[in-house]
Each structure stands twice: as structure tokens, then as C-alpha cells.
Amino acid sequence: MAVHGTGPYDPDNIFAKILRGDIPCKKVFENEWVLAFHDIAPKAPVHVLIIPKKAYVSFIDFSKNASAEEIAGVMQSAGRIAADLHLEDAGYRLITNAGQNAGQEVPHFHLHLMGGKALPAFPA
């Protein structure tokens with residue numbers, strides 16, 4: 001079910017539970033800004049979810065309320081993870097879905113890092 005990108009943060013969403021350690025994940029990377037782990041339903045050979053450690057509902061919320069240092073930390077982490085996974089030469093896709101029209105399903109801002117094969121074009 002799609003979520004409203006500006007709605008209240010639900011501290012019981014699945015990513016909040018993963019951050020608290022209530023639900024396990026297959027961790028790829030962690031630092032002070034993010035936790036990154038393999039998607040349980042991958043859409044590409046490499047499909048990693050990158051989630052900030054602070055509570056933001058969507059990119060809408062993150063871009064309005066995160067500090068410049070946190071925004072830089074999250075984005076630099078995404079680049080490092082792509083490099084660590086050897087995706088730079090062939091390329092990769094970094095996606096976030098913000099709100100209902102984008103089909104955001106989890107009310108915690110996250111990035112999808114996908115690669116490892118040629119990805120289909122975006123819908124028109």
C-alpha cells in the first residue's frame with residue numbers, strides 16, 4: 001500500500017524495526033548516517049536499500065528537514081556503497097519513491113541502489 005510522503009512517521013515501520021535490531025537484515029554497509037542492506041525482493045542482481053538512521057518519512061521530509069551535513073552523508077554513503085559493490089564501471093540506478101503517486105510503500109525515506117545488469121528504461 002502506498003504511503004503519503006508527508007504523513008507522520010510511523011516508528012513501527014519495517015525499516016525502523018531493522019534499525020532497532022528487531023528484524024534482521026543482510027547488511028552491506030553501515031556508518032553514522034546510514035544502514036544499507038540487500039532487498040528481500042531484488043529487482044536486479046544487485047539491489048541494496050540505503051536508509052538514513054534518523055526518522056524521515058520520505059525524500060520530501062528528508063530534503064526539508066535533514067541538515068546539510070546529513071544530506072551529504074547519506075549521498076556520499078550511496079556513492080561509496082556503489083563503488084564498494086563494483087557498480088561504477090557498468091553503471092547503476094539510484095531511486096527513491098516519494099509519496100503515493102510514486103508508489104512509496106515504506107514510510108521511511110530510503111534509496112534503492114540497483115545494478116549488476118542492464119536495467120530497463122524508465123516508464124514514459
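Predicted model: local features only at pLDDT ≥ 70, side-chain atom pairs only at ≥ 80, totals over all residues.

Reader: Let's begin inside. Which residues touch the most other members of the largest nonpolar core?

Author: The general idea first: in soluble globular proteins, nonpolar side chains tend to be buried together. Here the largest nonpolar core has 18 residues, and Ile50, Val74 and Leu113 are the ones that touch the most other members.

Reader: And which strands and helices each supply at least two residues of this core?

Author: That would be strand 2, strand 3 (46-52), helix 3 and strand 5 (111-115). Helix 3 gives the most, with four residues.

Reader: Say I click on Ile50. Which residues is Ile50 in contact with, leaving aside its neighbours within four places in sequence?

Author: Quite a list: Val34, Leu35, Ala36, Ala78, Ile81, Leu94, His110, Leu111 and Leu113. There is also another core of seven residues, lying apart from the largest one.

Reader: Now the outside. Which residues form a nonpolar patch on the surface?

Author: Look for Met75, Tyr92 and Leu94, which together have about 260 Å² of accessible area. Met75 sits in helix 3 (residues 68-84). Its relative accessibility is 39%, so Met75 counts as partly exposed.

Reader: On to charges. How many salt bridges does a search of the whole structure find?

Author: The idea is that side chains of opposite charge can pair when their charged atoms come close. A search of the whole structure turns up five salt bridges.

Reader: Is Asp22 buried or exposed?

Author: Asp22 is exposed, because its relative accessibility is 51% and the cut-off for that label is over 50%. Arg20 has a relative accessible area of 45%, so Arg20 is partly exposed.

Reader: One loop to finish. Where is Asn31 found?

Author: Asn31 is in the loop between strand 1 (27-30) and strand 2 (34-38). At 22% relative accessibility, Asn31 counts as partly exposed; buried would need under 20%.

Reader: Which backbone nitrogens lie 2.8 Å and 2.9 Å from a polar atom of the Asn31 side chain?

Author: Trp33 has its backbone nitrogen 2.8 Å from a polar atom of the Asn31 side chain. For the backbone nitrogen of Val34, the distance to a polar atom of that side chain is 2.9 Å.

Reader: What does Asn31 touch, not counting residues up to four places away in sequence?

Author: Lys53 and Ser77. With Ser77, compare sequence and space: Asn31 and Ser77 are 46 residues apart in sequence, and their C-alpha atoms are 8.1 Å apart.

Notes: Residues numbered from 1 in each chain as written. Heavy atoms only, no water. Buried < 20%, exposed > 50% of the residue type's maximum accessible area, 1.4 Å probe, protein only. Contact = heavy atoms within 4.5 Å. Polar contact = N/O pair within 3.5 Å; in protein donor to acceptor, adjacent residues only side chain to side chain. Patch = residues over 30% accessible without salt bridge, like charges linked within 9 Å, V, L, I, M, F, W, Y side chains within 5 Å. Areas by Shrake-Rupley, 256 points an atom, 1.4 Å probe, with all protein chains shown as cover. Salt bridge = Lys/Arg side-chain N within 4 Å of Asp/Glu carboxyl O. Core = buried A, V, L, I, M, F, W, Y, C linked by side-chain atoms within 4.5 Å.
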